Amino acid sequence: MDLVNYMETLVWQHLPEQLANHEGACNCKRCQYDIAALALNFLPPRYVVTDKGQTLAKIKALDQQFYVDIIAALTNAIILVKSRPHHDRGDE
């Protein structure tokens, strides 16, 4: 069995689309990890262990407010990382 934060799965799932929606946002691996880390700090964890737990988390993920919270966290994180990336422009 694995212990997984299902919220992390959802953040990584929605990150590419949200990055595409923000012109000028860096898409390098370092910025993606910084964005994901910040977004996850804004969101409550949703740990799952069993298939039943994963099913419950997936059902919860369908909730509109849950989706809105993820998108809002990603948007805030993208804006923060875009304004202060942790790399030189040559590192992209």
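This is a predicted model: local features need pLDDT of at least 70, side-chain atom pairs count only at pLDDT 80 or more; totals for chains, interfaces and linings use all residues.

1. Asp34 has a relative accessibility of 14%, and since buried means under 20%, this residue counts as buried.

2. The side chain of Asp34 is joined to that of Arg30 in a salt bridge, with a distance of 3.2 Å from N to O. In general, side chains of opposite charge can pair when their charged atoms come close. Asp34 and Arg30 both belong to helix H2 and stand 4 residues apart, which means that about one helical turn separates them. Arg30, at 44% relative accessibility, counts as partly exposed. A search of the whole structure finds 1 salt bridge.

3. As to the overall arrangement, the chain contains 4 helices and 2 strands, and their order along the sequence is β-α-α-β-α-α. The chain has 92 residues, of which 35% count as buried. Among contacts with a separation of 6 or more, 86% are between residues 24 or more positions apart.

4. The largest nonpolar core comprises 24 residues, and Ile35, Ile70 and Leu74 have the most contacts inside it. Two or more residues are contributed by each of helix H1 (6-20), helix H2 (29-42), helix H3 (51-61) and helix H4 (64-83). The greatest contribution comes from H4, which supplies 7 residues. In soluble globular proteins, nonpolar side chains tend to be buried together.

5. Which residues does Leu74 contact, leaving aside its neighbours within four places in sequence? They are Val11, His14, Leu15, Gln18, Ile35 and Ala39.

6. Helix H4 deserves a separate point. With 20 residues at 1.5 Å a residue, H4 should span 28 Å, and the 29 Å between its end C-alpha atoms agrees with this. Its buried residues are Phe66, Ile70, Ile71, Ala73, Leu74, Ala77, Ile78 and Val81. Viewed down the axis of H4, these buried residues fall within an arc of 160°, so they line one face of the helix. Gln64 and Ser83, on the other side of H4, are exposed.

7. A search of the whole structure also finds 1 aromatic pair. Trp12 itself is partly exposed, its relative accessible area being 27%.

8. Is Glu23 buried or exposed? At 74% relative accessibility, Glu23 counts as exposed. This residue is found in the loop between H1 and H2. The C-alpha atom of Glu23 is separated by 9.8 Å from that of Lys82, although the two residues are 59 residues apart along the chain.

Technical notes
Residues are numbered from 1 along each chain as its sequence is written. Side-chain values use heavy atoms; hydrogens and water are left out. A nonpolar core is a set of buried Ala, Val, Leu, Ile, Met, Phe, Trp, Tyr and Cys residues joined through side-chain atoms within 4.5 Å. Buried means under 20% relative accessible area, exposed over 50%, partly exposed in between (1.4 Å probe, protein chains only). Contact means heavy atoms within 4.5 Å. The expected span of a helix is 1.5 Å times one less than its number of residues. The arc is that of the directions from the helix axis to the C-beta atoms. A salt bridge is a side-chain nitrogen of Lys or Arg within 4 Å of a carboxyl oxygen of Asp or Glu. Rings of Phe, Tyr and Trp (its six-membered ring) pair if their centres lie within 6.5 Å; planes under 30 degrees apart count as stacked, over 60 as edge-to-face and the rest as tilted.
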